[in-house]
Amino acid sequence: MNQQNLFGFADIPEWEQAALDDRLVADVVFNLPLEKPYAYLIPEPLRGMLRPGQRVRAPLGRSNREVVGYCVGVHSAGPSEVRLKPLLAVLDRDPLLDDRMLELTRWIGERYICGWGQVLETVIPAGVRKKSGTRLVPVCELVPGAIDRPDTRQLSRQQQLIVDLLREAGVPVATSELCEQAGCGPSPLAGLRKKGLIRMLRVRSEIDGLRAAGAADEPDLALNEQQQAALSGILTSLRSGSHSTLLLHGATGSGKTEVYIRAIREVVSYGRQAIVLVPEISLTPQTIRRFRSRFSSVAVLHSHMTDAERHWQWEQISQGGIQVVVGARSAVFAPTPHLGVIIIDEEHEPSFKQDTTPRDHAREVARFRCAQEKIPLILGSATPTLESWLRAQRGQDILLSMPDRVARRPLPPVVIVDTREDAQIRKGAAIGRALFQAITRALREQGQVILFLNLRGYSPTVWCRSCGTGVKCPNCDVTLTWHRDRAQVVCHSCEYATLPPDKCPACESPTIRFLGIGTQKLDEEVSGLFPAATVLRMDSDSMKKPGSHDEALEKFRRGEVQILLGTQMIAKGLDFPNVTLVGVIDADTMLRQPDMRAAERTFQLIAQVAGRTGRSERGGRVLVQTTCPQDPAVLFASKHDFVGFAQHELAERYDLQAPPFTCAARVIFRGPDERQVQDVAEAVADKLRSALATLKAAAPETEPLRVLGAAPAPVTRLRGLWRFHLQICGRTPELVRQLWLQVEKTLTLPENVEMAIDVDPVNAR
Ligand code: ADP
Ligand code: ZN
Ligand code: ZN
């Protein structure tokens with residue numbers, strides 16, 4: 001965009017005239033979807049103060065509205081720049097980011113087709129922008145020795161939980177974080193303080209009060225041969241002083257974490273820092289403990305930290321006081337002064353992709369950052385994404401394999417159960433004969449059981465028996481789910497909830513039925529079938545309270561629960577030696593998704609849940625109920641054959657010229673008027689096609705690029721808005737971007753229609 005016609009021309013103040021020869025210009029980006037930075041004159045009083053990475057206030061647009069932006073560059077004015085508008089103010093004393101971070105964020109804007117300023121706005125924590133960390137932070141710590149007194153036995157459940165959390169941390173913990181983790185208010189803390197078990201203090205957030213001192217006490221394990229081989233591959237990379245990506249393909253339970261820890265040891269030994277990214281759901285005390293017990297200063301970045309906490313962590317990290325940063329997606333931006341390695345565990349997890357602008361993927365951001373720093377990136381998974389696998393196959397990345405579990409424990413046998421002929425299931429039950437017998441046996445042998453079903457609620461379909469239509473959410477193109485405990489039907493997309501209708505909205509017959517099985521109904525069925533067992537359900541309904549997730553897993557670990565059932569929440573990372581049976585209630589629910597990655601997700605889920613059993617000498621087995629026993633994803637998963645699956649699935653993707661062989665960008669349009677949204681989407685698709693035709697005419701050998709759609713999105717209506725989408729597919733992100741930018745410049749959207757672009761989409765809704 002051309003700044004002259006946007007801004008008009010500004011008057012040149014007198015003092016500017018005087019200093020005509022050496023005037024300076026600042027490039028500024030705003031939190032807006034703009035392609036290029038805007039240039040402003042830096043007025044004399046601000047000259048010495050401004051460096052890239054600081055925020056400024058500047059007049060924007062014809063109306064000269066005052067907007068906060070980020071300075072991303074300072075240079076002397078060219079001849080065409082003498083009449084630019086001047087900046088109004090500099091807002092930060094020091095830059096919020098260094099040059100490398102600026103370069104990284106610029107790249108993200110380009111790669112994911114959004115404004116540089118939009119990226120900066122999400123990368124810099126709100127607390128850092130607000131400077132909210134200079135206040136005092138209240139913290140709690142255990143009074144040494146007090147905990148062993150006899151009166152500590154009379155603690156309430158929540159008090160005990162707090163004591164456990166503090167003991168686990170081994171250091172003072174911010175009061176707010178404690179309350180959040182324990183899911184309580186301040187009263188249990190007050191009670192503990194009265195008993196003399198804990199004390200509260202206030203620390204200035206700049207001091208080292210919360211740093212984990214002397215926590216590193218557990219010795220390293222002796223690595224087995226496969227771990228040793230993987231580690232030496234990593235060490236070679238680390239010592240080479242250059243960037244490479246290493247894909248650590250290790251079976252579930254092959255001991256990947258131990259390898260990460262050794263790699264981090266090396267990095268820490270020469271005074272550098274490590275960043276470890278894990279899926280949010282795996283940020284459990286168990287994971288955190290593993291790192292805290294091996295390194296003396298570990299920072300943990302959750303997504304639910306307060307602004308002040310995040311700011312405090314950010315400062316600690318940037319001062320170099322932290323050895324290891326463990327966190328979810330956004331920790332990839334942690335301002336480590338001397339980064340030595342980034343590790344992404346469970347790299348196949350879709351949660352590493354951000355689902356709002358800038359919609360970046362932490363893996364690709366990490367790859368860029370590691371290349372900048374000339375350090376290795378390590379990706380670990382038992383079921384890598386096809387994107388990562390293909391790169392390794394092509395030799396772009398280095399493949400490290402650990403096919404066996406530690407101590408040569410076998411992977412559990414996986415039995416596929418065809419439920420089409422099962423009498424119980426035909427009657428509407430969730431548990432078929434074979435699974436019933438397997439559970440009975442596991443319980444008799446004192447084993448624990450995990451049952452996986454990725455549908456929450458009681459019945460996932462509300463349906464009219466007379467006319468056969470499903471009852472949908474009034475705001476979304478989504479069938480409602482019956483939640484019997486709340487006596488409501490609920491939309492899982494927008495959380496709309498209402499009483500179940502007494503007659504059909506379509507034909508008015510009083511024949512509304514609830515169909516299918518969600519986790520709540522499964523809970524009821526299992527409790528009825530195995531009355532002697534304690535059953536625990538884990539899904540986002542039953543785990544609403546902060547801390548309840550960790551608490552539930554702790555109960556399971558202690559053996560107070562025999563059957564754990566739930567959604568995705570229980571599929572990942574859990575390491576419980578006593579689990580001798582895992583049941584997948586319905587593999588079809590994943591296979592049936594209208595998503596290119598349905599097979600990949602099904603394979604991953606079966607392989608990951610299978611990974612939860614057979615982790616001790618007791619062994620374990622897996623039963624997968626399905627009506628598609630011949631489906632390749634199910635068959636390969638039952639043989640633990642990732643390589644075979646990848647080969648098969650990559651061949652299919654190749655035939656379709658779909659990712660990972662191409663780069664895809666999905667453009668989503670939404671608005672309240674169906675017709676209007678459709679027209680806009682189709683018009684944009686037409687423009688893209690004609691731009692493509694021009695490109696091809698000019699250069700017939702143009703790399704293949706395609707435009708698909710526009711078409712209604714799989715969820716055609718969401719939160720009251722109609723949704724249409726189109727897709728651009730090209731060999732590289734650069735080609736896709738060029739085509740898009742060429743068209744985007746010419747677009748003027750009606751006010752009612754929003755547009756979002758998603759590069760490398762992982763969500764097909
Ligand atoms: P993964 O992340 O690959 O699924 P983990 O790192 O969780 O596997 O390791 C599985 C279990 O094996 C853990 O309990 C871990 O402590 C143990 N383990 C890892 N390496 C070794 C080793 N070399 N010797 C003995 N036990 C090990
Ligand atoms: Zn009806
Ligand atoms: Zn809805």
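Donors, in this report, are N, O and S atoms within 2.8 Å of the metal (3.2 Å for Na, K and Ca), and since water is not among the atoms, sites may look incomplete. The structure is a predicted model, in which local features need pLDDT of at least 70 and side-chain atom pairs count only at pLDDT 80 or more, whereas totals for chains, interfaces and linings use all residues. Residues are numbered from 1 along each chain as its sequence is written, chains are lettered from A and ligands numbered from 1 in the order in which they are written, and side-chain values use heavy atoms, with hydrogens and water left out.

The donors of the zinc ion (ligand 2) follow the spacing C-x2-C-x36-C-x2-C along the chain. Within this site, cysteine 464 belongs to strand β18 (residues 461–464), while cysteine 507 sits in the loop between β21 (497–498) and β22 (512–515), so that the pair links distant parts of the chain, 43 residues apart; helices (H or I, at least four residues) and strands (E, at least two) are DSSP runs, numbered from the N terminus.

| Zinc ion | Protein donors | Distance from the ion |
|---|---|---|
| ligand 2 | Cys464 (SG), Cys467 (SG), Cys504 (SG), Cys507 (SG) | 2.2 to 2.4 Å |
| ligand 3 | Cys473 (SG), Cys476 (SG), Cys491 (SG), Cys494 (SG) | 2.2 to 2.4 Å |

The site of the zinc ion (ligand 2) is tetrahedral, with angles of 107 to 112° among its four donor atoms, and the site of the zinc ion (ligand 3) is tetrahedral with angles of 104 to 114°; four donors count as tetrahedral if all angles lie between 85 and 135 degrees. The ideal angle for four tetrahedral donors at a metal is 109.5 degrees.

Cysteine 464 counts as buried because its relative accessibility is 0%, whereas cysteine 507, at 30%, counts as partly exposed; buried means under 20% relative accessible area, exposed over 50%, and partly exposed in between (1.4 Å probe, protein chains only).

**Helix packing**

Helix α23 (residues 674–698) packs against helix α24 (residues 733–744) at an angle of about 120°, with their axes 10 Å apart; the axes are lines fitted to C-alpha atoms over the stretch in contact, and angles run from 0 to 180 degrees between N-to-C directions. The two helices, α23 and α24, are therefore oblique to each other, a term for angles that are not under 35 degrees (roughly parallel), over 145 (roughly antiparallel) or 65 to 115 (roughly perpendicular). Val684, Lys687, Leu688, Ala691, Leu692 and Leu695 of α23 meet Leu739, Trp740, Gln742 and Val743 of α24, where contact means heavy atoms within 4.5 Å.

**Backbone features in loops**

The peptide bond from threonine 357 to proline 358 is cis, with omega near 10°, and proline 358 is found in the loop between β13 (339–345) and α13 (362–373). The bond from proline 659 to proline 660 is also cis, with omega near 10°, and proline 660 lies in the loop between α22 (642–656) and β27 (663–671).

Glutamate 495, in the loop between β20 and β21, has a positive phi near 65° although the residue is not glycine.

Conventions:
Tetrahedral: all angles 85-135°; square planar, octahedral: opposite > 155°, others 65-115°.
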